[in-house]
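Biologist: Could you take me through this model and tell me what stands behind the labels you use?

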Amino acid sequence: MLDLSIIIISWKMKDMLKKLLLSIEQYTTDIIYEIIVIDNNSQDGTSEMIRGEFSKVHLITNTSNLGVARARNQGLKIASGRYLLILDADMVLKENSFMHLVGFMDQKQDAGLTGCKLVFPDNTIQPSSRRFPTLLAFLFRRLVFIPWIRNSRTLRWHEMADWDRSDIRSIDYVIGACQMIRREAFQDVGFLDENIFYGPEDIDFCSRMHKQGWKIYYYPFTSIVHYEQRVTKKKLFSKLTWLHFRGIVYLFIKHRGKFSNN
């Protein structure tokens, strides 16, 4: 069995995806891995680029944008690794991060899912490891351009702002940009909820992970650059923003506001 299956969905991110794939080739050694790319009907030459320049990549080309959960599930269904890595296309490796994560999970047998340190291009740390949100925290995340909201106690609590993220911790959840999942935990938890089109499927998945008795860890001793090309941050009233909002409402109804048994 392969050590790792890397599952990447891409929608209109051909150039970023190419940078990511080149960085994986450059830095990932000492583990056996496969890459699965799902092109969510990008219509920007993504599939043609993969076929022409990355022939070893397993490519799935969709004829429509299936959303995040459905597209990632397509990759999860064919993945054969001991560990399954969900990865956003707007990432770039700068070291052998995947080997570090595999090694950590090999040692930490109660880890169902682990995320590493994510940084912006200027190397500042992203709040990628978080507490489960309140409805107010979700609202505030859409309004971070307002200074008093950006520095509010509600957001700081949700994003664990008082933690410098320099130590390993068991946490509520890590964002879906980078989640390494143990196969046995995935078999317990199941696929991503396809009722959620574009977020917050990561919160739902991590909540279900907790409820199955697995722990979720933040691992700080390797980092990946995350450009965070979120459409919902760029366009407050786009179709995807409303689909994201619908996903939030669905999430709270599904879990009745209780995201884990902890």
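**What the labels rest on**

Modeller: Gladly. Just after helix 9, G213 takes a positive phi of about 90°. Keep in mind that this is a predicted model.

Biologist: What makes helix 9 mostly covered?

Modeller: Of the 11 residues in helix 9 (residues 201–211), 10 are buried.

Biologist: Why is R208 called buried?

Modeller: The cut-off for buried is under 20% relative accessible area. R208 has 17%, so R208 counts as buried.

Biologist: And what does R208 touch, away from its sequence neighbours?

Modeller: R208 touches V189, G190, F191, L192, D193, K254 and H255, not counting residues up to four places away in sequence. A polar atom of the R208 side chain lies 2.8 Å from the backbone oxygen of V189. That pair is a polar contact because the limit is 3.5 Å between N or O atoms. R208 also belongs to a network of salt bridges that links D193, D204, R208 and K254.

Biologist: Where is P200, and what is the peptide bond between G199 and P200?

Modeller: P200 sits in the loop between helix 8 (183–189) and helix 9. The bond joining G199 and P200 is cis, with omega at about 0°.

Biologist: Why is I253 called exposed?

Modeller: Exposed means over 50% relative accessible area. I253 has 61%, so I253 counts as exposed. I253 is in helix 11 (residues 239–255), and together with W242, F245 and V249 forms a nonpolar patch on the surface, with about 440 Å² of accessible area together.

Biologist: What about the inside: which residues touch the most other members of the largest nonpolar core?

Modeller: Those are I6, I8, I24, L87, F98 and M209, in a core of 79 residues. Strand 11 (residues 215–226) gives the most to this core, with six residues. As for I8, its contacts beyond four places in sequence include L17, L21, I24, I36, I38, L87 and A89.

Biologist: How do you know that K18 and E53 form a salt bridge?

Modeller: The cut-off is 4 Å between a side-chain nitrogen of Lys or Arg and a carboxyl oxygen of Asp or Glu. For K18 and E53 the N to O distance is 3.0 Å, and the pair is a salt bridge. K18 lies in helix 1 and E53 in helix 2, so the pair ties together parts that are 35 residues apart in sequence.

Biologist: How many salt bridges does the structure hold?

Modeller: The structure holds 12. Another one joins R72 and D88, whose closest N and O atoms are 2.6 Å apart. R72 is in helix 3 and D88 in strand 4 (residues 83–88), 16 residues apart. Both R72 and D88 are buried.

Biologist: Why is N62 called buried, and which side chains does the N62 side chain meet in polar contacts?

Modeller: With a relative accessible area of 8%, N62 falls under the cut-off, so N62 is buried. The side chain of N62 makes polar contacts with N40 at 3.1 Å and with Q74 at 2.8 Å. N62 is in the loop between strand 3 (58–61) and helix 3 (68–78).

Biologist: Why is Q126 called buried, and what does the Q126 side chain reach?

Modeller: Q126 has a relative accessible area of 2%, so Q126 is buried. The Q126 side chain reaches the backbone oxygen of H226 at 2.6 Å. Q126 itself is in the loop between strand 6 (111–119) and strand 7 (129–130).

Biologist: What is worth noting about the phi of K12 and of N41?

Modeller: Phi is near 60° in K12, a positive value in a residue other than glycine, and N41 also has a phi near 60°. K12 lies in the loop between strand 1 (4–10) and helix 1 (14–27), while N41 lies in the loop between strand 2 (33–39) and helix 2 (46–53).

How values were computed: Residues numbered from 1 in each chain as written. Predicted model: local features only at pLDDT ≥ 70, side-chain atom pairs only at ≥ 80, totals over all residues. Heavy atoms only, no water. Core = buried A, V, L, I, M, F, W, Y, C linked by side-chain atoms within 4.5 Å. Buried < 20%, exposed > 50% of the residue type's maximum accessible area, 1.4 Å probe, protein only. Helix = DSSP H or I, 4+ residues; strand = E, 2+ residues; numbered from the N terminus. Contact = heavy atoms within 4.5 Å. Patch = residues over 30% accessible without salt bridge, like charges linked within 9 Å, V, L, I, M, F, W, Y side chains within 5 Å. Areas by Shrake-Rupley, 256 points an atom, 1.4 Å probe, with all protein chains shown as cover. Polar contact = N/O pair within 3.5 Å; in protein donor to acceptor, adjacent residues only side chain to side chain.
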